[in-house]
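I opened this notebook to record what I looked up in one structure. The entries follow the order in which I went through the chain.

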Amino acid sequence: MNEAARVLQLLAERGHTLAVAESLTGGLVAAELTGVPGASKTFRGSVTAYATALKEQLLGVDGTLLAERGAVDPEVALQMAAGVRGRLGADWGIATTGVAGPDPQDGQPVGTVYVAVAGPAGAGAGAGKVASLRLNGDRAEIRSESVRSVLELLRELLGDELSENARAQDTEQNGGD
């Protein structure tokens, strides 16, 4: 079972819904989720806020934060996740922001990515959680790994023991962390 299918299964088991806010992934997270039959049971929708101004206008990201730090920032990712969760009326919100390349952005090098999850209080995420990533590869590889990473972060916060076991096995197979 792929990441998206497992996440949707976990959400369905809990009776929870999901909304997605995307920047560098440009709709790839939503496409991955909607590629799973029955996704409509838990997936509410997504906002692709590629332009920085849309992060503020559509997702409620603090304009001062965006002006001071730019769109590639962990707090921006967290506010995007919380914003889409609220705007689309979902139990969980996830978000991606970063630099897929080919050029640096907001003073951040290519491969700098932040993925975030905002969920209901007491459900593992509390106010939310952000993962900071430094990814290698070309634009397509960075975007693909960003999709996998945000779904994995949500899966972890949903309390899926399989994700922890899979990561341990992956670490062993790849010779450490």
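**Entry 1. The chain as a whole**

I began with contacts, meaning heavy atoms within 4.5 Å. Among those between residues at least 6 apart in sequence, 62% join residues at least 24 apart. I noted that this is a predicted model, in which local features need pLDDT of at least 70, side-chain atom pairs count only at pLDDT 80 or more, and totals for chains, interfaces and linings use all residues. Residues are numbered from 1 along each chain as its sequence is written, and side-chain values use heavy atoms, with hydrogens and water left out.

I then listed the elements and found seven helices and five strands in the chain. Helices (H or I, at least four residues) and strands (E, at least two) are DSSP runs, numbered from the N terminus. Along the sequence they follow the pattern α-β-α-β-α-α-α-β-β-β-α-α.

For burial I used relative accessible area: buried is under 20%, exposed is over 50%, and partly exposed lies in between (1.4 Å probe, protein chains only). I found that 48% of the 177 residues of the chain count as buried.

**Entry 2. Helix H1 and its partner**

I looked up H1, which covers residues 3-14 and has 12 residues. From first C-alpha to last, H1 reaches 17 Å, close to the 16 Å expected at 1.5 Å a residue; the expected span is 1.5 Å times one less than the number of residues.

At the start of H1, I found a side-chain oxygen of asparagine 2 within 3.1 Å of the backbone nitrogen of alanine 4. After H1 comes glycine 15, with a positive phi near 70 degrees. The buried residues of H1 are Glu3, Ala4, Ala5, Arg6, Val7, Leu8, Leu10 and Leu11.

Next I checked how H1 meets helix H6 (residues 139-157): their axes come within 9 Å and cross at roughly 30 degrees. Axes here are lines fitted to C-alpha atoms, for helices over the stretch in contact, and angles run from 0 to 180 degrees between N-to-C directions. H1 and H6 are therefore roughly parallel to each other. Angles under 35 degrees count as roughly parallel, over 145 as roughly antiparallel, 65 to 115 as roughly perpendicular, and the rest as oblique.

On the H1 side, the contact is made by Glu3, Ala4, Arg6, Val7 and Leu10. On the H6 side, Arg148, Leu151, Glu152, Leu154 and Arg155 take part.

**Entry 3. Within and after H6**

I turned to serine 146, which is found in H6. Is serine 146 buried or exposed? Serine 146 counts as buried, at 0% relative accessibility. Leaving aside neighbours within four places in sequence, serine 146 is in contact with Leu24, Thr25, Thr96, Val113, Val115 and Leu135.

I then moved to glycine 159, in the loop between H6 and helix H7 (161-173). Glycine 159 is partly exposed, with a relative accessible area of 38%. I noted that glycine 159 and leucine 10 are 149 residues apart along the chain, while their C-alpha atoms are separated by 8.8 Å.

**Entry 4. Helices H3 and H5**

Helix H5 (residues 74-87) packs against helix H3 (residues 52-59) at an angle of about 40 degrees, with the axes 9 Å apart. That makes H3 oblique to H5. In this packing, Lys55, Gln57, Leu58 and Leu59 of H3 meet Val76, Gln79, Met80, Gly83, Val84 and Arg87 of H5.

I recorded 14 residues in H5 and a reach of 20 Å from first C-alpha to last, close to the 20 Å expected. Aspartate 73 caps the N-terminal end of H5, where a side-chain oxygen lies 2.9 Å from the backbone nitrogen of glutamate 75. Just after H5, glycine 89 takes a positive phi of about 65 degrees. Among the buried residues of H5 are Val76, Gln79, Met80, Gly83 and Val84.

In H3 I also looked up leucine 54, which is partly exposed at 29% relative accessible area.

**Entry 5. The loop between E3 and E4**

My last stop was the loop between strand E3 (92-98) and strand E4 (112-118), where proline 102 lies. A cis peptide bond joins glycine 101 and proline 102, with omega about 15 degrees. Aspartate 106 is placed in the loop between E3 and E4 as well. Although not a glycine, aspartate 106 has a positive phi of about 50 degrees. Aspartate 106 counts as partly exposed, at 38% relative accessibility.

Notes: Polar contact = N/O pair within 3.5 Å; in protein donor to acceptor, adjacent residues only side chain to side chain.
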